[in-house]
Amino acid sequence: MTLEILDPGVCTTVQDHPGRVGLQAKGIFPSGPADDLAFRLANVLVGNAPGLAALEIPAGRFSARAHFHGLVALCGADGCGPAVNDVPVPLWESVEVRPGDVLTCTAAKGPGFRLYLAVSGGIGVPDVLGSRALHTAGALGGLDGRALIRGDLLSVGDAAPGTRLRVPQALRPAYHRHWELEVLRGPHADPDFLTAEDWRDLVTLTWRVNLNSDRLAVLLNPHRFRWARPDGGVAGDHPSNVLDGSYPVGGVIVNGDVPTILGPDGATSGGFTVVATIVQAALWKVGQLRPGQDTVRFREVGLDQARSLAAHVEFPLDPRHLETL
Amino acid sequence: MGAVIAAVRQQSGRPAITYRQAGDRYVLAEYGDAELDLRLNFFAVGVLTGLAEDPPPGFVEAAPGLRSILVRFDPAVANRDAVVEHLQAVHDRQPEVSALTLPGRRVELPIAFDDSATRQAVHRYATTIRADAPYTEGGSNIAYVVEQNGLAGAEELYAAILGTEWWAAFTGFAPGLPFLFPLSGSTLNVPKYNPTRAWTPEGAVGIGGPCVAVYPVDSPGSYQLFGRTLPIYDLLGRNRAFRDDPFLIRAGDRVRFTRVDEDDLLRARRRVLDDSYSYHVEDAPFAVADYVAWR
């Protein structure tokens, strides 16, 4: 039982959720899907247990042949023309495939950037340091520590096709061209690092997503912050410099003049101020930002609000809230 | 909504602590003032041990920085106030910094200075990224490090590296990359690359600011390179040094370099892979009082 990669697309990788958690002190961010919400929904739709591995397909283009009988589900970026044997199939619902069936998608027009493909039984690659997820920068996990290439045969777990499910439209994540990302202020914000005006700039300006964004980091457009201090002291000449510390996943660091959102394969530590941190409930949106096209605004929330948002995001992941087909 | 959750003043031999929010899943505890004082890192490494013995509710993991630790917790299990309260209790139980003994090891690594792999990295940088960088003159970064530190020549630089015991303050940035600070000896300090180098060979050793790093895998980097050592990371465990843990160097270890020529290094690198090379690692608890006495 395998999935044969006919066209791997740009940088398709094997991922699992929540990835390789617990190794930050060894310099390893957790990897895992850049958009955990679409990833987890795809797994739920094919009846998989939460920890099973599936594929992350950035930019949409992809083609594979099933050598198994089971369910597949595609969730994520819009406008990628998914089809099985050239017959269009919908996103956000499970589809039955039989040996020889060919699944294709074209370059995603958006909104949204990444597509997730789950297969019933999950993708079987070796567990490396506690996870199957590919860490792109560290070349560990996934299939042989690399993105997929044409001709790869991915092992598929044994699972009888279960009930087909569909995410009702009202429960699907809303995709945009102009996104709003909820953040908590700091750890290094005003008044000691940024000025009050700088913080206001951060949460009111519209930020463009740089073309060179990937699983390590999403770069935004440069901005001249005023800064509350003339330099970084012993840490460096620029006021964005601090003595090296560990970074949170989803941290918004300012590297010189460039605000940068740390992604799942990003640097675990460094010497730049972390001015804000994306809340858990909004992390999935970072995975759907289209490099070179989309814009974001940051919206400050409090801890309580962050927690209610997190509960809200989990709602469609309960199979009882999905439609049975 | 400020970023500081709580601040606790310095007391009886322990640094001040600032608890900062880092999203809804992390708390960052920073120690003392923003100064390059290794005693703050000793404290951080000590706290990590304390956390491992008595983790706060909902604890996921903790990772050190130079003068801080970042604690990740599961907000579905514990609320942040309870985590901070527990962290403070762990901090309160820490001995005075000068009374700390940390469970480190001594690691000895052979180094070949100005080797061909790091020269290759410099050459690639000069031809593809920046041709006129002051730090690529002569095809290596060594002349620049020498000049920046007012040294007489390369040999004086090598002597400073070899004569220093290097403290592994934390691992970060990339998988298995240790940041080493001088416990004694070296007062070297040098600006980093600008822009960043796209390729650094595995095993390369470089310096940025006062800090030395060993590159565990081929990767980008911005430190000034001066030599190459053995692999310090092997997922496949081809050498017995990596059987239990794919990372050779841990926070709290002390590293010394011994000089070899490049042929000897390359021979040792091959012997690492067929497991006929024995890494020099020995348990050696670190008493902060001794360090304070040397200074």
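**Figure 1. The two domains of chain B.** In this predicted model, the C-alpha centres of domain 1 and domain 2 of chain B lie 29 Å apart. The helix that gives the largest share of the side of domain 1 of chain B touching domain 2 of chain B is helix 1 (residues 38–53) of chain B, with five residues. By class, that side of domain 1 of chain B holds seven nonpolar, two polar and one charged residues. The contact itself joins 10 residues of domain 1 of chain B to eight residues of domain 2 of chain B. The domain assignment places domain 1 of chain B at residues 4–97 and domain 2 of chain B at residues 105–294.

**Figure 2. The surroundings of B:Arg105.** B:Arg105 belongs to strand 7 of chain B, which covers residues 105–113. Leaving aside residues up to four places away in sequence, B:Arg105 touches B:Asp253, B:Val281, B:Glu282, B:Asp283 and B:Ala284. Is B:Arg105 buried, partly exposed or exposed? A residue is buried if 20 or more other C-beta atoms lie within 10 Å of its own, and exposed if 12 or fewer do. B:Arg105 has 18 C-beta neighbours inside 10 Å and therefore counts as partly exposed.

**Figure 3. Helix 6 of chain B and the residue that follows.** Helix 6 of chain B runs over residues 262–273 and contains 12 residues. From its first C-alpha to its last, helix 6 of chain B reaches 17 Å, close to the 16 Å expected at 1.5 Å a residue. After helix 6 of chain B comes B:Asp275, whose phi is positive, near 65 degrees.

**Figure 4. The annotated span of chain B.** An unreviewed UniProt entry lists residues 17–249 of chain B as "domain: Carboxyltransferase". Over residues 17–249, chain B is 25% helix and 30% strand. The C-alpha atoms at the ends of this span are 27 Å apart.

**Figure 5. The two domains of chain A.** Chain A is divided into domain 1, residues 2–167, and domain 2, residues 178–314. Taken over C-alpha atoms, the centres of domain 1 and domain 2 of chain A are separated by 28 Å. Contacts between them involve 22 residues of domain 1 of chain A and 17 residues of domain 2 of chain A. Which element supplies the largest share of the side of domain 1 of chain A that touches domain 2 of chain A? Helix 1 (residues 36–45) of chain A does, with three residues. In total, that side of domain 1 of chain A divides into 10 nonpolar, nine polar and three charged residues.

**Figure 6. Helix 1 of chain A.** Helix 1 of chain A is mostly covered, with 10 of its 10 residues buried. Among these buried residues are the nonpolar A:Leu37, A:Phe39, A:Leu41 and A:Val44, and they also include A:Asp36, A:Arg40 and A:Asn43. Just after helix 1 of chain A, A:Gly47 takes a positive phi of about 80 degrees.

**Figure 7. Strand 20 of chain A and its partners.** Strand 20 of chain A has 10 of its 10 residues buried, so it is largely enclosed by the rest of the structure. Strand 14 of chain A pairs with strand 20 of chain A in the antiparallel sense over three bridges; in strand 20 of chain A, A:Thr277 is the bridge partner of A:Leu184. Strand 17 of chain A also runs antiparallel to strand 20 of chain A and is joined to it by three bridges. In strand 20 of chain A, A:Ser269 is the bridge partner of A:Ser246. Four bridges link strand 18 (residues 251–255) of chain A to strand 20 of chain A, again in the antiparallel sense. A:Ile253 stands opposite A:Val274 in strand 20 of chain A.

**Figure 8. The contact between chain A and chain B.** How many residues does each chain give to the contact? Chain A gives 43 residues and chain B gives 39 residues. On the side of chain A that touches chain B, strand 14 (178–185), strand 17 (241–246), strand 20 (269–278) and helix 4 (303–314) of chain A each supply at least two residues. The residues of this side of chain A divide into 21 nonpolar, 17 polar and five charged.

Terms used
Residues numbered from 1 in each chain as written. Chains lettered and ligands numbered in written order. Predicted model: local features only at pLDDT ≥ 70, side-chain atom pairs only at ≥ 80, totals over all residues. Contact = placed C-beta atoms within 7 Å. Expected span 1.5 Å × (residues − 1). Domains from an automatic or database assignment. Pairing = 2+ DSSP bridges. UniProt positions renumbered as here; feature names shortened; annotations may be inferred.
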